[in-house]
Amino acid sequence: MDALAGLLDGPRARGAFLLRMVMEPPWAVRIEDRAPICLMSVRRGAPCLVPSGGGEPVRLGPGDIAVVRGPDPYTVADAPGTTPRALIGPGGVCTTLHGRPLAQDMVLNVRTWGNAAHGGTAVLVGTYLLDGEISRRLLDALPPLLTIPADARTRPLLDLLDAEIAQDEPGQQVVLDRLLDLLLIAVLRAWFARPGADAPAWYRALGDPVVGAALRLLQDDPAHPWTVASLAARAGVSRAGLARRFTELVGEPPMAYLTGWRLAVAADLLRESDATVEAVARKVGYSTPFAFSAAFKRVRGVSPHEHRVRPPEDPLDLPERQRALPRDRPVGKLAP
């Protein structure tokens with residue numbers, strides 16, 4: 001499995017929160033939705049992102065893309081000093097800072113939201129709910145805010161997403177989900193390929209001819225009864241040589257990495273499928289449900305069943321989002 005493909009394999013975008021935000025100055029929106037990750041692309045104008053905790057504002061231009069990793073709040077505005085007039089809370093619910101509902105006043109069109117139909121700033125927004133541990137390996141390696149400048153490789157995807165986001169055709173949500181996936185992969189690939197990129201150790205190790213081969217074997221077939229000896233034989237090196245080099249580059253021994261990967265895959269399968277615990281155990285390489293359950297609880301602190309039935313942390317409830325952003329309201333203005 002490719003490292004970046006691993007980000008979206010399993011908990012891909014499903015019913016992602018997508019909209020076009022159109023604003024005319026002065027404007028500022030406080031984001032406190034606690035979403036794990038949000039992607040923003042500027043179509044026109046030059047908004048700025050103001051991180052929480054007094055971080056330096058980041059100005060974006062047309063074609064630029066920002067990825068904000070939650071759950072910390074932040075502000076999007078026409079200028080760093082503009083006072084927010086709207087707040088986006090969990091579930092995409094929009095209110096004033098004092099709690100008065102605003103969503104009904106700010107819907108401009110299908111998946112289009114803002115304070116002016118022809119405002120000088122337009123931003124495409126895509127918000128994910130990613131709670132799978134496979135994705136977490138990569139998300140934990142990202143900074144709270146990363147930006148990618150306008151690029152010829154992402155422009156066609158942005159144009160297509162912009163054209164599709166306001167459509168209301170059958171299957172439209174699935175189309176938008178896949179476009180968002182493609183755009184996020186393109187952004188992360190550009191981010192990790194840049195000079196001086198601080199990619200996670202396991203991602204860098206994939207480029208090593210020996211350790212990269214071993215990682216791909218483990219990721220592609222976690223159910224195989226791997227040992228360090230059998231893995232070294234497939235990679236064409238000695239057992240001691242693989243163990244030493246793997247630990248140096250990845251930061252943990254091969255079998256420890258395999259255990260973490262198996263349980264990450266299992267966590268996604270438990271949430272994303274109806275497979276029994278026994279079936280999941282077999283799929284990730286455990287001979288009995290008992291052995292799998294013991295390992296799962298030891299590492300994650302809950303049983304497989306408890307993990308399956310426990311609601312994801314800070315979920316974005318799709319019906320609530322749809323109620324928060326109705327499609328048939330007239331153009332409105334931000335309340336003071």
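# A tour from strands to side chains

Start with β4 and strand β7 (residues 74–77): four bridges join them, and the two run antiparallel. Within this pairing, pick Val-50, which stands opposite Thr-75 in β7. Keep in mind that the model on screen is predicted.

Leu-49 faces Val-58 of β5. Now select the hairpin of β4 and β5. Six residues lie between its strands, and Gly-53 takes a positive phi near 75° there.

**The seven-stranded sheet**

Next, show the open sheet of seven strands. Read across it in the order β10-β11-β1-β12-β3-β6-β13; the pairing is mixed. Which strands are the edge strands? They are β10 (107–109) and β13 (145–148), each pairing on one side only. Ignoring direction, neighbouring strands of this sheet are turned by 25° against each other on average.

Strand β11 (residues 112–114) runs antiparallel to β10, joined by two bridges. Select Asn-109 and its bridge partner in β11, Thr-112.

Now bring in the helices. Helix α4 packs on the sheet and touches β1 (17–23), β3, β6 (65–69) and β12 (121–128). The direction of α4 makes about 90° with that of β1. Then select helix α5 (residues 172–193). Helix α5 lies across β1, β3, β6, β12 and β13, and runs at about 90° to β13.

**Salt bridges**

Switch to side chains. How many salt bridges does a search of the whole structure find? The count is nine.

Select Asp-159 and Arg-43 for one of them: their side chains meet at 2.7 Å, N to O. This pair links distant parts of the chain, 116 residues apart. Asp-159 sits in helix α4 (residues 155–165), and Arg-43 in strand β3 (residues 37–44). Is Asp-159 buried or partly exposed? Its relative accessibility is 39%, so Asp-159 counts as partly exposed. Arg-43, at 26%, is also partly exposed.

Go on to Arg-100 and Asp-105. They form a salt bridge with the closest N and O atoms 3.8 Å apart. Arg-100 is partly exposed at 39% relative accessibility, and Asp-105 is partly exposed at 29%.

Then select Arg-153 and Asp-151, whose salt bridge spans 3.0 Å, N to O. Now select Arg-20, Arg-43, Asp-159 and Asp-162 together. Salt bridges that share partners join these four residues into one network.

**Aromatic rings**

Finish with the rings. The whole structure holds four aromatic pairs. Select Phe-246 and Tyr-257. Why is this pair called edge-to-face? The ring centres are 6.0 Å apart and the planes stand at 70°, so Phe-246 and Tyr-257 are edge-to-face. Phe-246 belongs to helix α9 (residues 239–250) and Tyr-257 to helix α10 (residues 254–272), so the pair ties together parts 11 residues apart in sequence. Phe-246 and Tyr-257 are both buried.

For the last stop, select Arg-262 and Tyr-286. Arg-262 lies over the face of Tyr-286, at 5.9 Å from the ring centre.

Terms used. Residues numbered from 1 in each chain as written. Predicted model: local features only at pLDDT ≥ 70, side-chain atom pairs only at ≥ 80, totals over all residues. Heavy atoms only, no water. Buried < 20%, exposed > 50% of the residue type's maximum accessible area, 1.4 Å probe, protein only. Phe/Tyr/Trp six-rings, centres within 6.5 Å; stacked < 30°, edge-to-face > 60°. Lys NZ or Arg CZ within 6 Å of the ring centre and 35° of its normal. Pairing = 2+ DSSP bridges. Axes fitted to C-alpha atoms, helices over the stretch in contact; angles between N-to-C directions. Contact = heavy atoms within 4.5 Å.
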